[in-house]
Amino acid sequence: MEDDGGRRTILGQGGDRVKLNVGGKLFETTVSTLRSGGPDSLLSVLSNRNSDDPVFIDRDPEIFSALLALLRSNRLPSTAKRFSNQELIDEAVYYGIESQLRSALAPSQLSGIDASLFSTIRPSSDGVVTDFNAVDSDGSVWLAHGGQVSVYDWSLTHTETIRTHLDYISSIRKVGPDLAGVASEFESGLHFYNLANGRRVGSVEWTDPSDPRIYKAQVHAVVDSPDSVFAAFECQHRENCVLSIDKSTMKAISELGRQSGNSAKSTVVGKLTFLPEINALVGVSVTAGAFGYAGYVRLWDSRSGDVVWETNEPGSGRSSRFGDSFADVDFDRGDLTMFKICSKSGDLAVADLRKLSEDPWVYLEEKNPCMRHAGGGTSSLIHCYRQQVFVGRGGGLEVWSRMVEKGSDVERERVLHEGLYRRNYMDKVEDAGRGIIKKIEGAGDRLFVTREDAEGIEVWQSSQFSGAVLNL
């Protein structure tokens, strides 16, 4: 009786054994292991069978063995290296345990200090990526190459490719499920494509019946908010503005910042960022000429369209920095900070978006003499992701990581100072030799990098994968 009672206790804790015949190979596991896949999974349903006979499943037994190990330990075994991501995903979808597999395959939190080049995504045709949009919400990346658009999902698996009516796409943005906004610097308008069927579902042109100069305007930058798409247009006479486009109707509803384009303070916006935390749209314009760099940063209230702050360089900031205009600007949405990289010195500066003034910049200093930059910000760009600032200098890649001071409270950490960030190199000499960095974006704890005239898009991620095994 004691044995019977003990046996019933174990069974009540989910210790029942279950036999499965997968592709002719017999597996024995427990009810609790099968149910760890979730109540809606096929394996959880099979765990409720009353029969002692093993149920037959006509699937690959080797892949099932790897997935069963995943359910037991939340980690993929080394034997999973024999299979591609897509093979593992297909089987996981069949068993209803895709979420568990996704967690196992996901990279660890991106840390630029220990990140390295993991893989390179190469489209099968028109291999040079002209623009891309990395989507942090789902880890996917949308690529424009030639006149085509390709999508790679969270596992870096190719999901779809469509061909547009454009010969060359210079701007791309995911603006909805299966919906991409694309534009070309050689043709007018912003065009929306449904990637599910490959059809163009809408187009927006900047027109003004009262001004005949507003004709065949080209798009230089695109960003979106939950309800709107914002696109920077410029016509042949350099007149430019930012159009606000309603997502539901794909129609222009208002103009922001219309200007003549006849000076550095009124050139077309080349970079757009939407900051949902403060409902602000930010436009950045940078021009380079014989006398160096010039440009502006402009913040609009996205609801009213009013300019709430603006800075122009050269022409504002510290007198000692006059002539050292920014080469690029980006924003940390979590910390509500703005970063710039200087065109001459190559220095990095940060400003608090909640305390903007005529001179909001704090210039970061590297205390390690071996890491100090020798100057020169030519071909420099920056991207903020996961409280880190990734900097491309020519072909080199580096990261500035925020330092956490011992004993500091939340309010103290919000105070910006010169030593708040620490600089480290990310790449090797051979990495820098692949070409000048053209664009950097982070998503899904990965960093995506493209280089001038180089095929494909580089994928960087931290070296520790939390037990995940990836085989692309």
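Leaving aside neighbours within four places in sequence, which residues is Leu-101 in contact with? In this predicted model, the partners are Leu-67, Leu-70, Leu-76, Leu-88, Ile-89 and Ala-92. Contact here means heavy atoms within 4.5 Å.

Leu-101 also belongs to the largest nonpolar core, which has 29 residues. Such a core is a set of buried Ala, Val, Leu, Ile, Met, Phe, Trp, Tyr and Cys residues joined through side-chain atoms within 4.5 Å. Buried means under 20% relative accessible area, with a 1.4 Å probe and protein chains only. Among the residues with the most contacts inside this core are Leu-20, Leu-43, Phe-64 and Tyr-95. Elements giving two or more residues to the core include strand 1 (17-22), helix 5 (85-95) and helix 6 (98-105). Helix 4 provides the largest share, 7 residues. Helices (H or I, at least four residues) and strands (E, at least two) are DSSP runs, numbered from the N terminus. Apart from this core lies another, of 19 residues, including Ala-217 and Leu-243.

The chain holds 8 helices and 31 strands. Of its 472 residues, 51% are buried.

An open sheet of 4 strands runs in the order 17-18-19-20, with antiparallel pairing. Two strands pair if DSSP finds at least two bridges between them. Strand 17 (271-275) and strand 20 (307-313) form the edges. Strand 19 (residues 292-301) pairs with strand 20 over 6 bridges. Tyr-296 stands opposite Asn-312 in strand 20.

Residues are numbered from 1 along each chain as its sequence is written. Local features need pLDDT of at least 70, side-chain atom pairs count only at pLDDT 80 or more, totals for chains, interfaces and linings use all residues, and side-chain values use heavy atoms, with hydrogens and water left out.

Terms used: Buried means under 20% relative accessible area, exposed over 50%, partly exposed in between (1.4 Å probe, protein chains only).
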